[in-house]
Amino acid sequence: MNDRTRLLHGIDIIEIERIKAAVERWGKRFLKRFFTPDELDYSFGYKNPYPRLAVRFAAKEAGSKALSIIMPCYISNFEVVGGNNNPPYIKLLKAPYCRGHLSICLLYTSPSPRDLSTSRMPSSA
């Protein structure tokens, strides 16, 4: 099996609050470094942009992890396309050896693992 037919996996988990904190701390510098103008337009088209920014950040991280096995790829090489009723995919940018699209599956969970670790479980009788 060559690199063109290999099934690659990348996984990433991000807490929405971490993205919100980064935006509040670093502002446009953070946003321009990690998101494309189209991703920002899409995310900030909603009252609360942070869930959409977080899922895009996690998808880019997962994509870079998957492709790093066969080539160097960074978050800035990816744009997450789709949303609303369209299935998401990762569009590869800025690298001649990184062309095409990656199919992705986005999983959401709430509360976050951190919330679960700090919450008290009811005692059994």
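Trainee: Of the 125 residues of the protein chain, what percentage count as buried?

Mentor: The figure is 32%. Keep in mind that this is a predicted model.

Trainee: And how many helices and strands does the protein chain have?

Mentor: You'll find five helices and three strands. Along the sequence they follow the pattern α-α-α-α-β-β-β-α.

Trainee: What share of the contacts with a separation of 6 or more comes from residues 24 or more positions apart?

Mentor: In this chain, such pairs account for 49% of those contacts.

Trainee: Let's go inside, then. How should I think about a core?

Mentor: Start with the general idea: in soluble globular proteins, nonpolar side chains tend to be buried together. Here, the largest nonpolar core has 13 residues. Ile19, Val23, Phe30, Leu31, Phe35, Leu53 and Phe57 have the most contacts inside it.

Trainee: Which elements give two or more residues to this core?

Mentor: Those are helix H1 (16-26), helix H2 (28-34) and helix H4 (50-67). H4 gives the most, with four residues.

Trainee: Which residues does Phe35 touch, not counting those up to four places away in sequence?

Mentor: Phe35 touches Phe30, Leu40, Leu53, Arg56, Phe57 and Lys60. There's also a second, separate core of seven residues, and Leu67, Cys73, Val80 and Leu92 are among them.

Trainee: Now the helix packing. What do I look at?

Mentor: Two packed helices are described by the angle between their axes and the distance between the axes. Take H1 and H4: their axes come within 8 Å and cross at roughly 105 degrees. An angle of 65 to 115 degrees counts as roughly perpendicular, so that is how H1 and H4 sit relative to each other.

Trainee: Which residues of H1 and H4 make the contact?

Mentor: From H1, Ile16, Ile19, Lys20 and Val23; from H4, Tyr50, Pro51, Leu53, Ala54 and Phe57. By class, the contact has eight nonpolar residues, no polar ones and one charged.

Trainee: Let me pick Ala54 from that list. Why does Ala54 count as buried?

Mentor: Buried means under 20% relative accessible area, and Ala54 counts as buried because its relative accessibility is 3%. Ala54 has its place in helix H4. Leaving aside neighbours within four places in sequence, Ala54 is in contact with Ile14, Ile16 and Ile19. Ala54 and Ile14 are 40 residues apart along the chain, with their C-alpha atoms separated by 6.5 Å.

Trainee: What about Ala66: buried or exposed?

Mentor: Ala66 counts as buried, because its relative accessibility is 8%. Ala66 also lies in helix H4.

Trainee: Which residue in E2 is the bridge partner of Val81?

Mentor: The partner of Val81 is Tyr89. Further along, Gly83 stands opposite Asn86 in E2.

Trainee: How many residues are between E1 and E2 in the hairpin?

Mentor: There are two residues between them. Have a look at Asn84 in the turn, which has a positive phi of about 55 degrees.

Conventions:
Residues numbered from 1 in each chain as written. Predicted model: local features only at pLDDT ≥ 70, side-chain atom pairs only at ≥ 80, totals over all residues. Heavy atoms only, no water. Pairing = 2+ DSSP bridges. Core = buried A, V, L, I, M, F, W, Y, C linked by side-chain atoms within 4.5 Å. Buried < 20%, exposed > 50% of the residue type's maximum accessible area, 1.4 Å probe, protein only. Contact = heavy atoms within 4.5 Å. Axes fitted to C-alpha atoms, helices over the stretch in contact; angles between N-to-C directions. Parallel < 35°, antiparallel > 145°, perpendicular 65-115°, else oblique. Nonpolar A, V, L, I, M, F, W, Y, C, P; charged D, E, K, R; others polar.
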